Amino acid sequence: MTAPGPPVPPPVSLAALRARYAGLVGAVLLAVAGYLGGALPDAPLGATPTSIWRAPDGPATLTCWLIGTMLLVGAWWSLREGAPSTRWAYVTAGLWALPLLVAPPMGSRDVYSYACQGWTYAHGVDPYTVGVAAAGCPWLDTVAPIWRDTPAPYGPVFMLLAALAVSLGGGLTGTIVALRVIAVAGLLLAALCLPGLARAAGVPARRAVWLALAGPLVGVHLVAGAHNDAVMLGLLLCGLLVVVRRPGRPAGLLLAGALLGLAVTVKASAVVVVPFAVLAGMPGRYTVRALLRHCGWLAGGLLAALLVTSAVSGLGFGWVGGLTHSGDSEQWTSPPTAVGFVIDYAGALVGRDPQAVPVVRAVALLLLAGVLVVLWWRAWQTLCRLPEDAGPELAGPALVASKLVGPEGAGPRVARSRVALHGAAVALVATVVLSPVFHPWYATWPLALLALTAARTTWFVLPTAAAAFLALPDGTNLARVTKAPGALAMTALLLTVLVRTARRRPR
């Protein structure tokens, strides 16, 4: 008798193959658009869609960008319920990333700001007190004017990485390549963590990997654009994986806290996940005493990471002050900013100048603080009510109904992990929605955790897909040239969502 061989994977459907190669064509077209009119060092600043169209390669650039984005978005959307297999999802995401990996920077000019901030720090100047213009960065002409005189809004870990990129790269091109390698390393770390987190949440890894890694924002903004959000996400997911794999163990909680602290010192928005990580790290009964004990271990690791990185960098906590400048850009893609614009427009009709944007933004931040507290409290209450033998049905009825919970999702640990991880995902959604500024790549923050926990995908995949069309290859943000209509549309959408939500609430 012959021994049975390894299981044969199911055949890949024609629809999946069409999606794979349509997305690949889209990625190639986007790379072509990058070479024709991407965020190149000598590209003109302050461009508009009209000026881009009138450039020699303008029609070809915009055509390749539009068709490529449509193909990439359509291919990702078509398999939003899950790729044929986890390996297939990895291979396809990697295949789509390859053309963008060798393309020029696209979608924004932030990578040049990173390069100049790294140069500033590498030459002994504090990037949290001196802008890159005053520091004398030799690549200043490549940086968007709005960021030339502002201090760096990133933590010391990223400043260390940016300075390392400058040291390794030497010139501007080498620095950009090194920054892209760092961003890809962050994505690879996230890719390694996704299957373990998917098992912890009781969802198929094939869906989590597809949604988190194959999306158009990942390829364009995290790979080609080399945004540091990739590093933050990698560290964030790694910290959460340690928490769910080693719940209740002091060493595991310390390590998880340190990883989450490193994520915060790349980009401070990661801090909203920390309270939910504490819940994910509690193995037994949910009591206040247990909460304080596990919170202490996790907070100890996080504070150690903050103190060590601030000391090693020699920059202290000056980066906290730099966060106040992240809202210098005003765009209607941020709902609070859009509402402020509309109030200002209404005031102008009656001869007033309310200057409502900073006020509405401040109110939104206060609201965000309240929303985060409510989200954490609801997660805590849900976990306290879970019986010791909680099954997958208590992890979310919609998840079970959608058949996303497999046999591995039958234990109480899955229910607990999913509640905590979903709370973290919604906290990131609230952070993105209520923040003073929204850029397309910000949508990748909650995307990874929603891919692990959400039962239905359309509600977050659709706005993520729409965000892929907001930035042109050279970094021109369409929100900048659609200020009034965009603000009105965003405010109307916000009111519609609020009214529908209020009507659905039980009376």
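Predicted model: local features only at pLDDT ≥ 70, side-chain atom pairs only at ≥ 80, totals over all residues.
Ala492 has a relative accessibility of 40%, so it counts as partly exposed.

Residues are numbered from 1 along each chain as its sequence is written, and side-chain values use heavy atoms, with hydrogens and water left out.

### The whole protein

The protein has 22 helices and zero strands. Both kinds of element are DSSP runs, numbered from the N terminus (helices: H or I, at least four residues; strands: E, at least two).

How does the radius of gyration agree with that of a compact globule? For 507 residues, such a globule would have a radius near 23 Å; the protein has 23 Å, so the two agree. The radius is taken over C-alpha atoms, and the globule rule is 2.2 Å times the number of residues to the power 0.38. Along the principal axes, the C-alpha trace spans about 65 × 55 × 55 Å.

Of the 507 residues, 54% count as buried. The protein exposes about 21,800 Å². Carbon and sulfur atoms supply 69% of that area. Such areas come from the Shrake-Rupley method with a 1.4 Å probe; for residues, only the protein chains shown count as cover.

Residues 24 or more positions apart account for 79% of them. A contact means heavy atoms within 4.5 Å.

The protein has 34 positive and 17 negative side chains. The centres of the two sets lie 14 Å apart. Lys and Arg count as positive, Asp and Glu as negative; His and the chain ends are not counted. Each charge is placed at NZ of Lys, CZ of Arg, CG of Asp or CD of Glu.

The table sets out end-to-end C-alpha distances beside expected spans. The expected span is 1.5 Å times one less than the number of residues.

| Helix | Number of residues | C-alpha span | Expected span |
|---|---|---|---|
| H5 (110–122) | 13 residues | 18 Å | 18 Å |
| H19 (412–434) | 23 residues | 33 Å | 33 Å |

H1 has buried residues that include Ala16, Arg20, Leu30 and Gly34. Their cover includes helix H3 (58–78), helix H4 (86–101) and H10. H19 is mostly covered, with 17 of its 23 residues buried.

H5 is mostly covered too: twelve of its 13 residues are buried. Among them are Asp110, Tyr112, Cys116, Trp119 and Tyr121. Which helices do the buried residues of H5 pack against? They pack against H6 (132–135), H7 (156–169), H8 (172–201) and H14 (288–313). Just after H5, Gly124 takes a positive phi of about 80°.

### Thr120 inside H5

Thr120 sits in helix H5. Is it buried or exposed? Its relative accessible area is 1%, so Thr120 is buried. Leaving out residues up to four places away in sequence, Thr120 touches Val125, Pro127, Val132 and Ala135. Val166 is 46 residues from Thr120 along the chain, and their C-alpha atoms are separated by 9.7 Å.

### Two residues of H22

Helix H22 covers residues 483–504 and holds Arg503. Ala492 also has its place in H22. Arg503 has 66% relative accessibility and therefore counts as exposed.

Ala492 and Val339 are 153 residues apart, yet 9.3 Å apart in space, C-alpha to C-alpha. Arg503 and Leu367 are 136 residues apart in sequence, with 21 Å between their C-alpha atoms.

### Positive phi in two loops

Most residues other than glycine have a negative phi. Ala226 has a positive phi, near 55°. Where is Ala226? It lies in the loop between helix H10 (216–224) and helix H11 (229–245). Its relative accessibility is 4%, so Ala226 counts as buried.

Gln355 also has a positive phi, near 50°. Gln355 is found in the loop between helix H16 (335–349) and helix H17 (356–385).

Notes: Buried < 20%, exposed > 50% of the residue type's maximum accessible area, 1.4 Å probe, protein only.
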